[in-house]
Amino acid sequence: MSDLLLHDPLSLLTMLTSSSICLRLMTYRRAHDARYKPWISACAWLLIVCSGGQALQIMLGHRVPVGTGPWQLGILLVLAVLVFAARGNLARVLRVKA
């Protein structure tokens, strides 16, 4: 791991939160009777790529233009709580009635 993580606890927490979101979404298993929703799957894929990419970027020590702030960490923590409460089911998090 990079020196950035050793000296910046905010970056460490952001990396851990992002990677937990990514891993929880990756390990989601659809119920046997659940319907497949392509747009939810696309959103989940995009969230996996973005959260995993952010975790990797911080882990490898690449600097981001603005850096990770407490506001970004707060957003990620809320998203992580929602994803874990829904057991990785992004359709439950988004719950949009058509």
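**View 1. Where α2 meets α3.** In α2, Ser11, Thr14, Met15, Ser18, Ser19, Ile21, Cys22, Leu25 and Met26 touch Ala44, Leu47, Ile48, Ser51, Gly52, Gln54, Ala55, Ile58 and Met59 of α3 (contact means heavy atoms within 4.5 Å; helices are DSSP runs of H or I with at least four residues, numbered from the N terminus). By class, that contact has 11 nonpolar, 7 polar and no charged residues (Ala, Val, Leu, Ile, Met, Phe, Trp, Tyr, Cys and Pro count as nonpolar, Asp, Glu, Lys and Arg as charged, and the others, Gly among them, as polar). This is a predicted model, so local features need pLDDT of at least 70 and side-chain atom pairs pLDDT 80 or more, while totals for chains, interfaces and linings use all residues. Numbering starts from 1 along each chain as its sequence is written, and side-chain values use heavy atoms, with hydrogens and water left out.

**View 2. How α2 and α3 cross.** The two helices, α2 and α3, pack at about 145°, their axes 8 Å apart (axes are lines fitted to C-alpha atoms over the stretch in contact, and angles run from 0 to 180 degrees between N-to-C directions). The crossing of α2 past α3 is left-handed (the near helix is turned anticlockwise from the far one by less than a right angle).

**View 3. The largest pocket.** Of its 23 lining residues, Arg35, Lys37, Ile40, Asn89 and Ala91 sit nearest the centre (a pocket is an open set of points on a 1 Å grid over the protein atoms alone, where a 1.4 Å probe fits, with protein on both sides within 12 Å along at least five of seven lines; lining residues have an atom within 4 Å of a point). The biggest share of this lining, 6 residues, belongs to α3.
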